[in-house]
Amino acid sequence: MTRRRRVIPGFGLTMGFTLFYLSFILLIPVGGLLLYTSLMSWEDFWQAISHPQVVASYKLSFGASLIGASINLVFGALVAWVLVRYRFPGKKLVDALVDLPFALPTAVAGIALVTLYASSGWVGQYLQVAGIKVAYTQLGVAVALTYIGLPFVVRTVQPVLEDLEAEREEASASLGASRFTTIRRVILPSLLPALMTGYALAFARAVGEYGSVVFISGNMPYRTEITPLLIVAKAEQFDYHGAAAIGTVMLLAAFALLLLINGLQWWTSRRGV
């Protein structure tokens with residue numbers, strides 16, 4: 001019996017290229033970071049990662065990232081729903097604007113956000129009257145991280161919505177289900193894996209964001225200083241061990257949270273929630 005020859009390369013070649021590419025792009029840099037950190041003594045490592053200034057930056061980076069990803073989880077799903085289910089003038093323009101955070105350099109985005117939300121900015125001057133200050137505050141950090149994370153949720157949910165037949169919703173309504181019941185029992189279970197994936201991607205992107213945040217945050221220690229900025233500052237001061245230690249904590253924490261979210265996604269897909 002002769003084996004059928006495949007037009008595309010076989011499993012061995014493609015797997016070898018995949019492992020080589022992942023090792024070169026991902027595993028070697030991450031392994032180098034962990035190896036460099038392992039050369040530190042436990043006392044030096046703990047001192048570097050537990051300094052009050054560093055702990056304050058952890059709270060801001062992870063807290064603002066969770067807030068931004070949570071906001072995008074709700075409003076990103078709504079944007080995807082509108083783009084898929086409705087027709088309106090300028091729809092293609094709105095669809096293209098969703099990808100603006102991908103195309104716009106992060107530094108330019110940070111300057112634009114400051115221009116908008118500073119006390120003399122186009123939007124900030126009206127918020128200032130209401131007693132709301134955005135620029136150079138923790139709120140500004142959350143706004144910047146929400147801005148850069150929106151496309152991840154929209155582009156993850158959008159194709160799933162396009163494949164979701166409207167007839168299922170019509171059948172649910174014809175059987176007497178309310179709109180809330182239709183959303184909860186018909187639409188949400190189909191969208192939940194995509195929503196969790198978009199949430200995880202938005203969160204991971206926000207945790208490592210630097211360019212768009214440094215301008216609007218003001219970079220005040222203990223208040224608006226994010227962890228990526230602190231890592232850069234230590235590297236510029238030639239404190240490579242300190243930078244590597246903080247980077248390792250960020251890496252492990254982000255990996256643990258992503259593993260938790262992906263585990264939740266797998267659990268919900270298995271249960272058919």
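Which hand, left or right, does the crossing of helix 3 and helix 10 have? The crossing of helix 3 and helix 10 is right-handed, where right-handed means that the near helix is turned clockwise from the far one by less than a right angle, and left-handed that it is turned anticlockwise.

The model is predicted, and local features need pLDDT of at least 70, side-chain atom pairs count only at pLDDT 80 or more, while totals for chains, interfaces and linings use all residues. Residues are numbered from 1 along each chain as its sequence is written, and side-chain values use heavy atoms, with hydrogens and water left out.

The chain holds 13 helices and zero strands, and its pattern along the sequence reads α-α-α-α-α-α-α-α-α-α-α-α-α; helices (H or I, at least four residues) and strands (E, at least two) are DSSP runs numbered from the N terminus. Along its principal axes, the C-alpha trace spans about 75 × 65 × 35 Å.

Two packed helices are described by the angle between their axes and the distance between the axes. Here the axes are lines fitted to C-alpha atoms, for helices over the stretch in contact, and the angles run from 0 to 180 degrees between N-to-C directions. Helix 3 (residues 52-85) packs against helix 10 at an angle of about 140°, with the two axes 9 Å apart. That angle makes helix 3 oblique to helix 10, given that angles under 35 degrees count as roughly parallel, over 145 as roughly antiparallel, 65 to 115 as roughly perpendicular and the rest as oblique. In this contact (heavy atoms within 4.5 Å), F62, S65, L66, A69, S70, L73, A77 and W81 of helix 3 meet I187, L195, M196, Y199, A202, F203, A206 and V207 of helix 10. The residues of the contact of helix 3 with helix 10 comprise 14 nonpolar, two polar and no charged, where Ala, Val, Leu, Ile, Met, Phe, Trp, Tyr, Cys and Pro count as nonpolar, Asp, Glu, Lys and Arg as charged, and the others, Gly among them, as polar.

Helix 10 also packs against helix 8, at an angle of about 155° and with the axes 8 Å apart. Helix 8 and helix 10 are therefore roughly antiparallel to each other, and their crossing is right-handed.

Helix 3 and helix 8 in turn pack at an angle of about 40°, with their axes 5 Å apart. Helix 3 and helix 8 are therefore oblique to each other, and helix 3 passes helix 8 in a right-handed crossing. The contact of helix 3 with helix 8 has 19 nonpolar, nine polar and two charged residues.

On a 1 Å grid over the protein atoms alone, a cavity is a set of points where a 1.4 Å probe fits but cannot get out, a pocket is an open set with protein on both sides within 12 Å along at least five of seven lines, and lining residues have an atom within 4 Å of a point. Grid points are joined across faces, edges and corners, and a volume is the space filled by probe spheres set on the points. The count comes to one cavity of 30 Å³ or more, and the largest cavity contains about 40 Å³ of space. Its lining consists of S61, S65, V141, L145, A206, V207, E209, V213, I226 and P228, with helix 3, helix 8 (138-163) and helix 10 the elements that give two or more residues.

The second largest pocket has a volume of about 250 Å³.
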